[in-house]
Each structure stands twice: as structure tokens, then as C-alpha cells.
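Reader: I would like to go through this model with you. Could we begin with how its strands are arranged?

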Amino acid sequence: MISEQQVQAYKRDGVIVVPEVLDAGTLARVRAVIAELVAGAAKTTEHTDVYDLEPGHTPENPRVRRIKAPQKVHPIFDEIVRSEPVIAILKKLIGPGLRLHGSKLNMKSAQYGSPVEWHQDWAFYPHTNDDILAIGVLLDDCDLANGPMLVTPGTHTREVWNHHGEDGYFEGLIDPDTIKDEIGRAVPCMGKAGSMSFHHVRALHGSAQNTSDRPRNLLLYEVAASDAWPLAGVKDFDEFNSRLLTGDPVIVPRMADVPIRMPLPPAKRQGSIYENQASSKKSYFTRAA
Ligand SMILES: O=C(O)CCC(=O)C(=O)O
């Protein structure tokens, strides 16, 4: 599914985009499921365990910013991450043993879809080693106009930047003034719907508001090597192992010499990265009024 050259590019840059991995039939099915889920948001006026809502959401005009853990909401999301082409790519990048850490569906609606400020995923969920990546499944054609994810090549071997606010609480974003050069070198993850990006857990990334007249839905899966153990701990060992994608349960974590900052004390605004970042005054991207 991917060449040795692409594997080397991932190792060097910490990010690759693989064109059209998801077949047209599955893409149509997952879009239908998402349309139903978004319609279901009309029943709520507040964030829930399933929905993170855009500012301006009303039951009459549902505006969903994120479906929080899609793999818990509908089986199609588990089917996609466990599909043969996806597993083949993951095995080449961080395998053989693989475990799903989590998933989320970021829905950047036309005209107002919210930005995500600059951050490293590693700041949110440090592990005993960093053989961890996020898959970004492009559910729409994505170009510069509809807010592609922007990733800075090479930052996956750098430090873990400070994601805390001046009050000492975790905020889930980096002060943009401290990473001006890195922001200037970021590259967009673009492609046709069905393409997938793979970015290293330590790679610096962010993404702008969608100001186009087209949606940009991005389905994200966080996948760890099965011997990478979360430093925040494992509450339920059976549930932890139920997320194995390949290989057997592991009770001997592999330790690597990696920079760590714990996301503690926790963000004052919980619920999603959007909420965590909302308490900060350090935003880089423009937001809808
Ligand atoms: O939706 C995007 O473009 C960025 C997603 C992201 O970085 C995140 O949700 O952690």
C-alpha cells in the first residue's frame, strides 16, 4: 500500500499523505452515517459525550464542530481503522503490534468551521515511547481554501513545546510567537476525498478556519504501537486491550528516551481541544465572528 520511499518520508518529515485509500463505497456510507449524526444534534443545546458544538449552534440550525469518539458511536468507524489497507500502512509505519488510542471527527463546515490552534498531540497523551501517529481520513476533497491540516516537517524529532498557560494550567496550544519559523514551514495535507494523512504524534500542526463554501470533514484516528503505554495510566485493562488492532496484549511497555511534559494540571475548560484552547489569549488563527 505504501512504498519504502513513503516510509522514509514519514521517518524524515513526520508526515505523509497517501492518496485515495478509502474506497468510494465506504466513503458514501460513512458520509450518510455522519449526516444522520449531525441531524441528531438538533436534540441538544449543549456539548455532550458525543457532540462538540460550534458557537452559534441552535436546535433549528445544528452546528457540530466535532463528533467526539466516533468509534463508540457507529461500527463503520471501527471498520475503517481495521480495514486491510489501513492496517497494512500502519504496520509499515509503527507496527507490528497496534492499538487504537482514540478517534474524533473534526467537522469544518463551510464558512465558519473552527480553526485548531498549533499543538503537538504528544502534549495531550504522552506514552512510554513515541511510535504513535494520527491518521487523518479526508472525507471531502481538501485544498487550501477549506482549511487543510497544516503540519511542519521535521518537528517530530524536536522538543515538546509548552502547551500551558501563564496560570500554569494546561491549555493545549503553543504560544505562536515562540514557533514563528516552524509555522512558516508548515505544509498542507491536501488531496481527494478518501486520501489519508499520517502524522507523527510529536509533529507540530494546526489548521485555519474554513472560509470556503465547501465542508472539510476530517476523521482522525490516534494509533499507538501496542508496547507504547499511556503515562496517564490504564484504568480498564480489558477495555484497553479491546482497542488492539493487531498483536497480543502487552504488559512490558517499551521505554524510549523521549521528552515529556504532562498535561497537568488539567485544562480549565474540558471536553475537547477546542474547549481546552478557548481559555487561551494566544490564538494564531482567525475565527468566525
Ligand atoms: O482538524 C484539523 O485540521 C486539525 C485536527 C487536530 O489537530 C486535532 O484535532 O488534534
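Reader: In which sense do S4 and strand S11 (residues 216-225) pair, and over how many bridges?

Author: S4 and S11 pair in the antiparallel sense, over 10 bridges. Strands here are DSSP runs of E with at least two residues, and helices are runs of H or I with at least four, both numbered from the N terminus. Two strands pair if DSSP finds at least two bridges between them. Please note that this is a predicted model, in which local features need pLDDT of at least 70, side-chain atom pairs count only at pLDDT 80 or more, and totals for chains, interfaces and linings use all residues. Residues are numbered from 1 along each chain as its sequence is written.

Reader: Which residue stands opposite Gly-102 in S11?

Author: Glu-222 stands opposite Gly-102 there.

Reader: And how many bridges join S4 to strand S12 (residues 244-246)?

Author: S4 and S12 are joined by 2 bridges and run antiparallel. Arg-99 has Leu-244 as its bridge partner in S12. Strand S3 (residues 64-67) is also joined to S4 by 2 bridges, again antiparallel, and Arg-66 stands opposite Asn-106 in S4.

Reader: How many residues of S4 are buried?

Author: In S4 (residues 98-108), 8 of the 11 residues are buried. A residue is buried if 20 or more other C-beta atoms, placed from the backbone, lie within 10 Å of its own. Across the protein, buried residues make up 41% of the 289 residues.

Reader: Changing topic, how many helices and strands are there in the protein?

Author: The protein has 8 helices and 12 strands.

Conventions. A residue is buried if 20 or more other C-beta atoms lie within 10 Å of its own, exposed if 12 or fewer, and partly exposed in between; C-beta atoms are placed from the backbone.
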